[in-house]
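Q: I've got a model open and I'd like to learn how to read its helices. Can you walk me through a few?

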Amino acid sequence: MSSEQASVPRRQFLKSAAAVLTFPQPDDAVPAEPSWLWTGAVTARSATVLCSFRGLPNGAPMLLVSERQNLSGARRVEGAALAAPSRRYANRFVVRYELTGLAPNQEYFGGFVPASGTRVRLRTFGAGAYSFLAAFASCAGGTRVVPMSHVSNTRLFDAISALDPHVFIHMGDLHYYNLTGAPRPIEVMMGRFRRSLDRVLSQEHQALFYRKTPIVYTWDDHDYGRDGSDASSPTRDGARAYYGTDIPHYPLPLSKNADGPIAQRFEIGRVRFLMTDGRSERNPGQRTMLGQRQFTWLFEELGQAARDQVPLLVWVNSVPWIIRDGDPEGWGPFAAERQALGQRITQLNLGPRMLMMSGDAHMLAFDDGRNNPHGGFVVAQAAPLDRFVRRKGGPYSHEPPDQRNGQFATLQVDDSGTTLTATLQGYRHLGTGTAAPVPETRLRLRCSGGRCEVLTPS
Ligand SMILES: [Fe+2]
């Protein structure tokens, strides 16, 4: 750089450089490539792909879907375009592609321009007994410590990607924007959430991971509203509405019109998952975390799981379950509600074939059920992806001597059709885009005949 350039303030120099580099392009030169793409709602025969575009001058492009990465022999899938303006981009669109009639247990690639290499990729689940790997964690944001970043670009996402899980279950704090503001007009609030999401999905390590790995996501406080936020948050309606349009998700039985909690039920092979929304119905005054409708839904779903004799039930619950009554964190303030659910689980004899995944506490720790008087099931706390360490709750039977940043866990299910083995394993980032198992956090359940036994030593 010459001494003359060096004397120009940096910002001004960058601006003038950008002005030189930016020039209008003719319409036909605008590539039909999305600014992001991710996928979810995977079943044995279907999946959802969501793509965001800035401007759609020629309408929503067809998604090319192929079993091959080069998209050869692709079928063309029509998308439904929705104007989804963000705080930054008025011409932002989200296009939803519903993939149906897929083959079970099959890898698929989707893209728009075969030559570009931009792809989304997923694997359908097997029909019936199916062995799979799910990764799960929460709390992404902290790559830069001062000031603390709102979003994460940690290479930990490369490490999770290297394990190639069939799904990634994100249990909240997808970002730390702590949004607030007037609830109306709702479009303004939705625009804030969309801007935050765009920031997350523009972090290269996350963006590439989500292109390769379908997401299952429930929010926690920092990505729903402010720290500790609940049903009274002014962000509630905007969060629900944007979740419906911008996040790939399974059917929302309690939020058909973006007007309820984002609770979901889905299955991978013979394992059933129930995922709850611990924020948007939370009412501390009435001592409920789930709210009446969601509590009733969960109560009924627990009964249904028992009647269906599912070999393993997983409850994705964003905040710590094992925590003393009255503790301000996790389920502590909602002791009666927890007790009622625990009694239900005990009465249904579901505890022995159930496990819980939780985040919020920035720690990695499992419990084999011995410290869980409310249902007696296995609990796996897995966090933080990329945030400072903070312990909550416990005690836990399986806990490393120290906690670190850069932690997640996996659930490996091996299902023969009669015996299902579920292995929980905690991992820690080595700082190089690779992760190592944390030996203290390993638990294995062997399920058959309607109950699971915890195998120790595992
Ligand atoms: Fe967090």
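Predicted model: local features only at pLDDT ≥ 70, side-chain atom pairs only at ≥ 80, totals over all residues.

Q: How do I describe a packed pair, and at what angle do the axes of α3 and α5 cross?

A: In general, two packed helices are described by the angle between their axes and the distance between the axes. Here, helix α3 (residues 156–163) and helix α5 (residues 204–212) have axes that come within 8 Å and cross at roughly 20°. Angles under 35 degrees count as roughly parallel, so α3 and α5 are roughly parallel to each other. The crossing of α3 past α5 is left-handed.

Q: Which residues of α3 and α5 meet?

A: From α3 you have F157, D158, I160 and S161, and they meet H205, Q206, F209 and K212 of α5.

Q: Now α8: which of its residues are buried?

A: Being buried takes 20 or more other C-beta atoms within 10 Å of the residue's own. In α8, that picks out R338, L341 and I345. Looking down the axis of α8, the buried residues fall within an arc of 65°, so they line one face of the helix. Their cover includes α7 (291–307) and β15 (354–358).

Q: What is exposed on the other side of α8?

A: There you'll find A336, Q343 and Q347 exposed.

Key: Residues numbered from 1 in each chain as written. Buried ≥ 20, exposed ≤ 12 C-beta atoms within 10 Å, placed from the backbone. Helix = DSSP H or I, 4+ residues; strand = E, 2+ residues; numbered from the N terminus. Arc of directions from axis to C-beta. Contact = placed C-beta atoms within 7 Å. Axes fitted to C-alpha atoms, helices over the stretch in contact; angles between N-to-C directions. Parallel < 35°, antiparallel > 145°, perpendicular 65-115°, else oblique. Left-handed = near helix turned anticlockwise from the far one by under 90°.
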